[in-house]
Amino acid sequence: MSDPPKHMGVRAAVAYGAVARTVALRLKYARRVAYAETAARLMIRHMPPQADVLVPVPLHRWRLWTRGYNQAALIVDHLSRLGNVPVDRTTLERHRATAPLRGHSRRARLQAVRAAFRVRGEGVKGRNVVLVDDVYTSGATTDACTAALLRAGAANVTILAWTRVLDDGGI
């Protein structure tokens with residue numbers, strides 16, 4: 001309550017559990033890219049009606065290079081097609097590499113992603129941004145992204161995720 005989020009809210013298709021975890025991990029690490037469409041089909045009903053642009057949470061270029069794809073960008077492609085909302089993949093950039101956040105406390109996650117993101121250009125200025133990610137855990141990553149987007153002039157930012165961890169004790 002003393003430090004409210006700067007975004008307009010978090011929307012998720014499902015609560016984090018065994019099935020959601022399997023889908024997220026296989027999409028992210030096992031190259032099951034078809035799961036991005038599955039996730040998007042369940043996420044589309046949570047799309048804010050005022051959405052102007054979809055922005056995936058970006059990966060650092062080295063992680064993108066080693067993984068070969070950004071799972072959030074794959075989901076965004078399907079959401080864009082299903083919801084007829086344009087995508088902006090280039091404005092928000094993770095310019096600083098960060099260690100994987102899995103297993104860290106919220107405080108450690110916040111520290112790790114601080115100043116990791118920046119916005120290039122004016123692609124979000126005055127727009128209602130929907131920031132898309134696969135898993136919403138502590139909000140550290142999306143908070144850092146939201147701060148960068150709002151500094152760049154976004155009208156507002158809503159978070160849309162495949163799954164939301166309701167108790168981060170298991171992550």
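This is a predicted model: local features need pLDDT of at least 70, side-chain atom pairs count only at pLDDT 80 or more; totals for chains, interfaces and linings use all residues.
**Asn84.** Begin by selecting Asn84, which is found in the loop between α4 (71-83) and β3 (92-94). Display the backbone here: the residue has a positive phi of about 55°, although it is not a glycine. Asn84 is exposed, with a relative accessible area of 71%.

**His95.** With the surface still displayed, the relative accessible area of His95 is 28%, so the residue is classed as partly exposed. His95 and Pro58 are 37 residues apart in sequence, and their C-alpha atoms are 9.3 Å apart in space.

Which residues does His95 touch, not counting residues up to four places away in sequence? Select His60, Ala115, Ala116, Phe117 and Arg118 to display these contacts. One of them, Ala115, is the next stop.

**Ala115.** Centre the view on Ala115, in the loop between α5 (106-113) and β4 (117-119). Is this residue buried or exposed? Ala115 has a relative accessible area of 54% and is therefore exposed, the threshold for that class being over 50%. Return to the backbone display for the last item. Phi of Ala115 is near 65°, a positive value in a residue other than glycine. To close, show Ala115 together with His95, which touches it.

Technical notes:
Residues are numbered from 1 along each chain as its sequence is written. Side-chain values use heavy atoms; hydrogens and water are left out. Helices (H or I, at least four residues) and strands (E, at least two) are DSSP runs, numbered from the N terminus. Buried means under 20% relative accessible area, exposed over 50%, partly exposed in between (1.4 Å probe, protein chains only). Contact means heavy atoms within 4.5 Å.
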